[in-house]
Amino acid sequence: NGTIYGNVKETDSSKNGYTHYFYTETKGLPPQTNTKESTTKDLKPVAEITKQGLLSKKEVYDNAGKLLSSVEYDYTFEILNNYSPMVLFGLDYIPAFVTKSKATTKHYEKNGKFAVSTSENTVNPLNLNIAYSKDVSSDGSISEKIYEYATDNIGTPQLVAANIISVHIRTTIKNNGKIISQEEIKFEGSNSLYPSSLVTRGIN
């Protein structure tokens with residue numbers, strides 16, 4: 001097994017500064033009790049995700065050691081409770097996946113103040129592809145993208161029947177809560193599995 005470090009310092013000679021990376025390790029995760037097999041054995045629920053370290057924070061400094069920017073990462077996990085416990089690196093765990101991730105960025109100014117922006121992504125649990133993204137800039141403006149798949153009841157049951165569920169069929173873009181554009185893949189007939197056209201709508 002390879003060595004996993006909780007934090008790593010990377011020096012950038014071209015910019016005369018350095019970056020600190022901080023990781024969440026499997027051993028730092030709280031245990032979970034397995035209810036599927038009626039046992040109280042402690043489990044590490046997301047061991048397969050964090051086995052190589054999961055980035056939790058990033059800090060960028062100049063050559064004088066002054067903090068220029070930082071990014072903090074938050075994750076939401078969903079446990080696949082219909083699975084039996086498995087073993088990884090000697091740890092018992094139940095498979096899981098990241099349902100939501102969020103990055104909060106701070107850019108520091110000379111006067112000590114900082115500007116904050118956030119970026120988050122939500123995953124579709126049926127195909128593990130992105131379903132929703134949201135960016136909030138430091139001035140408060142909000143940009144959103146919504147990705148819809150055949151499983152989202154958008155009139156393509158033939159794709160679900162053929163297990164074609166990982167291709168996003170409709171994409172909607174919003175700015176400050178207002179829809180500004182929409183793109184959708186169309187199919188000829190209710191039985192067709194092949195796209196016939198791509199329709200783009202600009203909405204004022």
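Which residue in strand 13 is the bridge partner of E144? The partner of E144 is K174, and this pairing belongs to a set of six bridges that join strand 12 to strand 13, two strands that run antiparallel. The model described here is a predicted one, and its secondary structure comes to two helices and 15 strands. Of the 204 residues in the protein, 27% are buried. Among the contacts with a separation of 6 or more, 39% are between residues 24 or more positions apart.

- E183 is found in strand 14, whereas T171 lies in strand 13; the two are 12 residues apart in sequence and 5.2 Å apart in space, taken from C-alpha to C-alpha.
- With a relative accessible area of 36%, E183 is partly exposed, while T171 has a relative accessibility of 13% and therefore counts as buried.
- When residues up to four places away in sequence are not counted, E183 touches I169, R170 and T171, and also L198, V199 and T200.
- With residues up to four places away in sequence again not counted, T171 touches I146 and Y147 as well as S181, Q182 and E183.

**Two asparagines with positive phi**

- N176, found in the loop between strand 13 and strand 14, has a positive phi of about 50 degrees although it is not a glycine.
- N153, which lies in the loop between strand 12 and helix 2, has a positive phi of about 55 degrees, although it too is not a glycine.
- Both of these residues are exposed: N176 has a relative accessibility of 54%, and N153 has a relative accessible area of 74%.

**The nonpolar core and the residues around it**

- The largest nonpolar core is made up of six residues in all, namely A150, I154, L159, I169, I185 and F187.
- One of these core residues, L159, touches A150, I164, I169, F187, S192 and L193 when residues up to four places away in sequence are left out of the count.
- T156 is found in the loop between strand 12, which covers residues 142–148, and helix 2, which covers residues 157–161.
- T156 counts as buried because its relative accessibility is 6%, and, leaving aside its neighbours within four places in sequence, T156 is in contact with A150 and F187.

**Aromatic rings**

- The count of aromatic pairs comes to three; in one of them, the rings of Y108 and F114 have their centres 5.4 Å apart and their planes at 55 degrees, so the pair is tilted.
- Y108 is partly exposed, with a relative accessible area of 27%, and F114 is also partly exposed, with a relative accessible area of 40%.
- The ring of Y18 has the charged end of K9 sitting over it, 4.2 Å from the centre of the ring.

Technical notes: Residues are numbered from 1 along each chain as its sequence is written. This is a predicted model: local features need pLDDT of at least 70, side-chain atom pairs count only at pLDDT 80 or more; totals for chains, interfaces and linings use all residues. Side-chain values use heavy atoms; hydrogens and water are left out. Helices (H or I, at least four residues) and strands (E, at least two) are DSSP runs, numbered from the N terminus. Buried means under 20% relative accessible area, exposed over 50%, partly exposed in between (1.4 Å probe, protein chains only). Contact means heavy atoms within 4.5 Å. Rings of Phe, Tyr and Trp (its six-membered ring) pair if their centres lie within 6.5 Å; planes under 30 degrees apart count as stacked, over 60 as edge-to-face and the rest as tilted. A charge sits over a ring if NZ of Lys or CZ of Arg is within 6 Å of the ring centre and within 35 degrees of the ring normal. Two strands pair if DSSP finds at least two bridges between them. A nonpolar core is a set of buried Ala, Val, Leu, Ile, Met, Phe, Trp, Tyr and Cys residues joined through side-chain atoms within 4.5 Å.
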